[in-house]
Amino acid sequence: METILQLQQVGKTYKSGNQTLAVLEHISFSAEAGTTLSIIGPSGSGKTTLLGLCAGLDHPSSGSIVLHQQRLENLDEDQLAAIRNQYVGFIFQNFQLMPTLTALENIMVPLELRGEKQVKKRSLELLDKVGLADRGHHYPAQLSGGEQQRIAIARAFANQPAILFADEPTGNLDAETSEMIVNLLFNLNKESGTTLVLVTHDIELASKTQRIIRLKGGKIESDVVTAMVEH
Amino acid sequence: MNQNTSQIVTHHPNKNSFRPGWLLRMAWRDSRRSRSRLLLFVSSVIVGIASLVAIYSLGNNLNDAINNQAAALLGADVKITSNQPLTPAIQQLVDSLRHSSNYSEERNFASMVLFKKNNGIHLVQVRALQGSFPYYGALEADPAAAGIAFRTQQRALVDATLMLQYGANIGDSIQVGTVTFAIAGKLLNAPGQTGFSAAIAPIVYLPLQYIQQTGLLQKGSRVSYQYYFHFKQTANIEKWAEAVRPRLEANDCAIETVETQKENTGRTFTDLTRFLSLVGFIALLLGCTGVASAVHVYVKEKVNTIAVLRCLGVKASQAFTIFLIQIIGIGLLGSAIGAALGIVLQQFLPFVLSDFLPVHISTAISWTAVGQGMLLGVLISVLFALLPLLSIRNISPLNAIRVAYEPTQRKNDFSGWWVYVLIVLFVYGFTYVQIQEWKQALQFTIGIGMALLVLTAIARLLMWMVRRFFPSSWNYVVRQALANLYRPNNQTTLLMVAIGLGTAFISILFFVQSILMNRLNLSSGTNQPNIVLFDIQSSQKQGVGNVAATYHLPVNAFVPVVNMRVAALNGIKAAQALTDTSGKLPRGLFRREYRVTYRDSLTASEKIVAGKWVGVANGNGLPYISMEENFAKRNKVHLGDTLTFNVQGVPMPTIVGSLRQVNWGGMQTNFLVLFPKGVLESAPQFWVLLTKVPTQQVSAQFQQAIVQQFPNVSIIDLALVLQILNDLISKIGFVIRFMAGLSISTGIVVFIASVFMSKYQRIRETVLLRTLGASRKQIFAIIALEYFFLGILAAITGILLGLAAGWVLAKYTFETAFHLQLLPIIILVLMVCLLTVGIGLINSCGIVKRSPLEVLRNEV
């Protein structure tokens, strides 16, 4: 199986006045294409920082990150942006839809950015897949939380990413809606063969992935393969 | 799971292309919810653009009018003027021209005119005319034929307003000197006449052939001799005029052609439009600080959207371009609205200025002006918006997953500094284009820059001081209001700059006006003379004195005046200096005619600052004269220089023995050049008498007595002059106030926009405070106090800046003392405070009225 993401001895430090704060230390792991994995840990353990580094949103202070065969640490911001556009999808805890764009337009953005054809048609198909075919012309403020997250999922899959990063995707939703979102996410993921990296507090949600990496104090405390292989 | 690392290569993916179409689309989509707010940003520049478009349009229309009407302004192809009878050489030139052209001759002088019907008398400008002048345009008269008909008989054409003032009708008689003329018609307009020139000295046209009989032209009288020519062939006139100009100037004559008329009139009004456009530009700059600040807040609010876009693969430059497009678009819209408003404003400007203008100007739309204004609007909006827009490039995609992520400045990113450099260059360049004077443009740019720096520095200092010396024991409401001044997202610096600059501008205008009024008041003080009699011949001196004594009038001054010109300075002759093109010789010294007096002592308004004053010439060697110090400095005349005057044909060598400081304010006779006694007594001269009449009635009786006995004596009633000056100042004041009003309204718009922008940031905190139990009253008190602190500090800073500028203007421009008036300053500070608090509270009303739940639910 092809390795889609590989981290070797990755560290991240921040300067605060005269002090250097190590947020992540000696992080090494890799993920195979088409698998699902979750990163869990208590608040402040470095989960979100790790997600940011893996997705090419930030540069590591040490170590190397290879995403889809490309080293990220030496790329400049514009090159990272191109990688994100080509290979990466995002789902955020607070949905992060652009408030000034309609639901449909939000989904169209990654495709338009790539200069693809039949953008509207493909976006409408995605809208249909997430069950919101009739809400395309609505603005995010006119949608419920669950609906907003479904639009965000559609947007994340729009550019057919090789890897999808989801940061607490159900963190802002009630239990019923959460379940619906999780099912949608995993179904679409399975259908498209995308690698899924989940950051969550929710053990139940994490247990749905094939592998769980537990962080503590900026280090990997455990790296466990779960039984949920059917996903 | 191990990956063979040898297969991994550092591969730089292709950058996605720029996609201008998509960027435009995104800019359009993203602006949907913000268009009204974006328009609010540019509303700050609308007024500035409007005033510039109006002024440029006025300038262009004025230029067109001058070009089209220059011939009618002059009334002829060529005009030769002299202040003395022509020398034989010039007479020969004039005679030779008479054969090849239509020719008119005019004597022009001030005199009293007596309306026989009611004994009303008035100082007028007599124009004694022979020939069919004007050849272009017309002497507009009622009845129209009177403009021609008066020339053939003993008849006069009298200024229409003057006739109205004295209840005169056509056919009534007026007396000029010793001759009586029948009024042939009302003069409505003469070539080159403006509303104000007619008000100061109304015109009376007479036939030239009767002028000798009036007895007004005597030796020493101040008469202008004018000769008008109308040629059949006009092709080479300019060339010819250039060729004869040196010869004419050497003989104390001036020549004007249609082209020089265009240049001179154009220059006068170019200065006016340049000044007005600078005032408009200040309004625009003030507006631009508002744009910069509003865009700053706008970008802050867009951080999340930009971060998400960056996560989706949008490059920093693309994100920057999306918002740049929005600013360009809204800048264009704002400029278009400004230009439209400018077109409306421009319909009124010619009307306001009509009394100053010698030409009829149209109110046609000048598309060049509209284009210039719009281009300027877009350029300057973008330039000022660039500063906050550049920060978009530093917004990290991490902001999408971390709310409190602090963006880091790019290493070696000097783009912000480049924008500052561009702004300074732009301000300097624009000012230079307006005033064509690099030093003044630099002073203007530095002045504006300093004002901005001082206000910014004081704002920063205020924030630092409040934080450093925070009064922890004070009441909660006051503490919260003070804390608002320095906490994140504060608008302290912007509001300080906007309010401070506006206040500075208002106070400068106020100080300048009070300096001018002060000078006028000095002139019209209770113990000051209010009547000036001039053109009194030496033989009439005793008689005029007796008439004054009959009416028990004091003689404040009775001084002789001798007309002369400078013939040589240290051996350099006038002809040589006037043809000099090196700029080293003081041409101005030789050009003017000097009215000189002689006496043995100095007056109270004079003080010797260099050399020694010699009151009586001792007869040995050359006489020592005294010159006014600033005039000497301007004309490069120094102590000990030999100055030869031409006293009506007689050369009079002198030595500059002293330099005097002269206080020109106040109502007295002051002179640039002062002779000692014992030199000019026998020169042709006239006398000037200054006196004070107690009432209008005595004034009228005294003037009638003088005119009856001494018809050649002219009288200036200063009460009348003051009234005309007051009218003039109030009209000019109106124009200045109008322009200042534009800047002030810009300041208010910027202020409202700033407060409005800060409202968005305040809603959440205010709602939280309310949720925690704060009453509306407390929240209002916090807001009111915060704006009060801002308002009072900005107003005081602005006034201090205004005081500094006022003092500089008083000392160096108006050369007068600067008096501080406390009451108006206090009133201004209070008004600015009230306005600040008022606008702040009105804008905040919405926040307080909204229910906490509604706001929290919407997550503003």
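Biologist: Which residues make the contact between α3(A) and α5(A), and how do they divide by class?

Modeller: From α3(A) come A:Ala103, A:Asn106, A:Ile107, A:Pro110 and A:Leu111, while α5(A) brings A:Ile151, A:Ala154, A:Arg155 and A:Ala158. By class, the residues of this contact divide into 7 nonpolar, 1 polar and 1 charged.

Biologist: What makes α18(B) and α22(B) roughly antiparallel to each other?

Modeller: Helix α18 (residues 541-550) of chain B packs against helix α22 (residues 696-709) of chain B at an angle of about 155°, with the axes 10 Å apart. Angles over 145 degrees count as roughly antiparallel, and therefore α18(B) and α22(B) are described in that way. The crossing of α18(B) and α22(B) is right-handed.

Biologist: Which residues of α18(B) and α22(B) meet?

Modeller: In α18(B) they are B:Gly543, B:Val544 and B:Val547, and in α22(B) they are B:Ala705, B:Ile706 and B:Gln709. This contact has 4 nonpolar, 2 polar and no charged residues, and since Gly counts as polar, B:Gly543 belongs with the polar residues.

Biologist: How many residues does each chain give to the contact between chain A and chain B, and which element of chain A gives the most?

Modeller: Chain A gives 39 residues and chain B gives 31 residues. On the side of chain A that touches chain B, α2(A) gives the most, with 9 residues, and the residues of that side divide into 15 nonpolar, 14 polar and 10 charged.

Biologist: How is chain B divided into domains?

Modeller: Chain B has domain 1 (16-72 + 269-402), domain 2 (78-233) and domain 3 (555-691). The centres of domain 1 and domain 3 of chain B, taken over C-alpha atoms, are separated by 55 Å.

Biologist: Where in chain B is the pLDDT below 50, and why does low pLDDT call for care?

Modeller: The mean pLDDT of chain B is 83, and 90% of its residues reach 70 or more, but over residues 1-15 of chain B the pLDDT is below 50. Where pLDDT is low, the predicted coordinates should not be read in detail.

Notes. Residues are numbered from 1 along each chain as its sequence is written. Chains are lettered from A and ligands numbered from 1 in the order in which they are written. This is a predicted model: local features need pLDDT of at least 70, side-chain atom pairs count only at pLDDT 80 or more; totals for chains, interfaces and linings use all residues. Axes are lines fitted to C-alpha atoms, for helices over the stretch in contact, and angles run from 0 to 180 degrees between N-to-C directions. Helices (H or I, at least four residues) and strands (E, at least two) are DSSP runs, numbered from the N terminus. Angles under 35 degrees count as roughly parallel, over 145 as roughly antiparallel, 65 to 115 as roughly perpendicular and the rest as oblique. A crossing is left-handed if the near helix is turned anticlockwise from the far one by less than a right angle, and right-handed if clockwise. Two residues are in contact if their C-beta atoms, placed from the backbone, lie within 7 Å. Domain bounds come from an automatic or database domain assignment. pLDDT is the predictor's confidence in each residue, from 0 to 100.
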